[in-house]
Amino acid sequence: MVHWLPARLHRAALPLAHALRHRWRRWRKAPIAGVSVILTNPQGKVLFLRHSYGPPVWALPGGGLGPREEPEAAARREVREELGLTIGEAERIAVIEEVISGSPHTAHIFAATTDNTPVPDGREIIEARFFAPDDLPRDLGRTTASRLAVWRDWAALQQR
């Protein structure tokens, strides 16, 4: 993450960078990979975020894999960068093949828990809040909803 820019300027530049990245992916169609982390607290509530760019929806912590970066390392890095949290055990619960911005995308989905309070970075993340699984926000992103469905299926299998 770029920290030499003042946070306000960084937040202002992110929507443009997001739009350019979206168009680049549509044009290039190069395969990309990323991670999403379904982070719960001890009460079983799920953490959602609002980004300073992109659609105004609740999303999960996560992001892209760096060159030669392992998915679990990326999951830990994203949670640390976006929310200032260090997570303990992170279990990969699924790998999803999908299309994002017109490019093939491999999403590594992780489940983890925290008993700490997330602190949004104020640049990329402007809000972070825990929600009960039976009282989720209505404005979830499409990819977030699909990842939650995978997590629910995984959680149901764990209870058997």
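**View 1. Arginine 147 sits in helix 3 of this predicted model.** Arginine 147 is buried, because its relative accessible area is 5% and the limit for that class is under 20%. Leaving aside neighbours within four places in sequence, Arg147 is in contact with Ser36, Ile38, Leu60, Ile96, Glu98, Ile100, His105, Ala107 and Ile109. Isoleucine 109 is one of these partners, and the next view turns to it.

**View 2. Isoleucine 109 and its contacts.** Ile109 touches Ser36, Ile38, Glu91, Arg92, Ile93, Ala94, Ile96 and Arg147, with residues up to four places away in sequence not counted. Which residues have the most contacts inside the largest nonpolar core? They are Ile38, Val46, Phe48, Ile93, Ile109 and Trp151. That core has 17 residues. Strand 2 (46-51), strand 5, strand 6 and helix 3 each give two or more residues to this core. Helix 3 gives the most, with four residues. In soluble globular proteins, nonpolar side chains tend to be buried together.

**View 3. The second largest pocket.** This pocket has a volume of about 160 Å³. Its lining consists of Ile38, Thr40, Glu89, Ala90, Glu91, Ala111, Ala112, Thr113, Trp151, Trp154, Ala155 and Gln158. Which elements each supply at least two residues of this lining? They are strand 1 (32-40), strand 5 (90-100), strand 6 (103-113) and helix 3 (142-158). Helix 3 gives the most to the lining, with four residues. By class, seven lining residues are nonpolar, three are polar and two are charged. Ile38 and Trp151 belong to the lining, and both are also listed among the residues with the most contacts inside the largest nonpolar core.

**View 4. Glycine 62 in strand 4.** Gly62 is found in strand 4, which covers residues 62-64. Is Gly62 buried or exposed? Glycine 62 is buried, with a relative accessible area of 11%. Its C-alpha atom is separated by 5.9 Å from that of valine 37. Along the chain, Gly62 and Val37 are 25 residues apart. Leaving aside neighbours within four places in sequence, Gly62 is in contact with Val35, Ser36, Glu78 and Glu82.

**View 5. Glycine 64, also in strand 4.** Glycine 64 is partly exposed, because its relative accessible area is 39% and that class lies between 20% and 50%. Gly64 touches Ala33, Gly34, Glu69, Ala74, Arg77 and Glu78, with residues up to four places away in sequence not counted. Ala74 is one of these partners. From C-alpha to C-alpha, Gly64 and Ala74 are 7.4 Å apart in space. In sequence, Gly64 and Ala74 are 10 residues apart. Glu78 touches Gly64 and is also in contact with Gly62.

**View 6. Arginine 68 in a loop.** Arg68 lies in the loop between strand 4 and helix 2 (71-83). Arginine 68 counts as exposed, because its relative accessibility is 81% and the limit for that class is over 50%. What is the phi of Arg68? Its phi is positive, about 60°, although Arg68 is not a glycine.

**View 7. Asparagine 116 in the loop between strand 6 and strand 7 (125-131).** Asn116 counts as partly exposed, at 40% relative accessibility. Leaving aside neighbours within four places in sequence, Asn116 is in contact with Leu85 and Phe130. The C-alpha atoms of Asn116 and Ile87 are 9.3 Å apart in space. In sequence, Asn116 and Ile87 are 29 residues apart.

**View 8. The whole protein, for orientation.** The protein has three helices and seven strands. Along the sequence, they follow the pattern α-β-β-β-β-α-β-β-β-α. Buried residues make up 41% of the 160 residues. How much of the accessible surface belongs to carbon and sulfur atoms? Their part is 54% of a surface that comes to about 9300 Å². Among contacts between residues at least 6 apart in sequence, 69% join residues at least 24 apart.

How values were computed
Residues are numbered from 1 along each chain as its sequence is written. This is a predicted model: local features need pLDDT of at least 70, side-chain atom pairs count only at pLDDT 80 or more; totals for chains, interfaces and linings use all residues. Side-chain values use heavy atoms; hydrogens and water are left out. Buried means under 20% relative accessible area, exposed over 50%, partly exposed in between (1.4 Å probe, protein chains only). Contact means heavy atoms within 4.5 Å. Accessible areas come from the Shrake-Rupley method with a 1.4 Å probe; for residues, only the protein chains shown count as cover. On a 1 Å grid over the protein atoms alone, a cavity is a set of points where a 1.4 Å probe fits but cannot get out, and a pocket is an open set with protein on both sides within 12 Å along at least five of seven lines; lining residues have an atom within 4 Å of a point. Grid points are joined across faces, edges and corners, and a volume is the space filled by probe spheres set on the points. Ala, Val, Leu, Ile, Met, Phe, Trp, Tyr, Cys and Pro count as nonpolar, Asp, Glu, Lys and Arg as charged, and the others, Gly among them, as polar. A nonpolar core is a set of buried Ala, Val, Leu, Ile, Met, Phe, Trp, Tyr and Cys residues joined through side-chain atoms within 4.5 Å.
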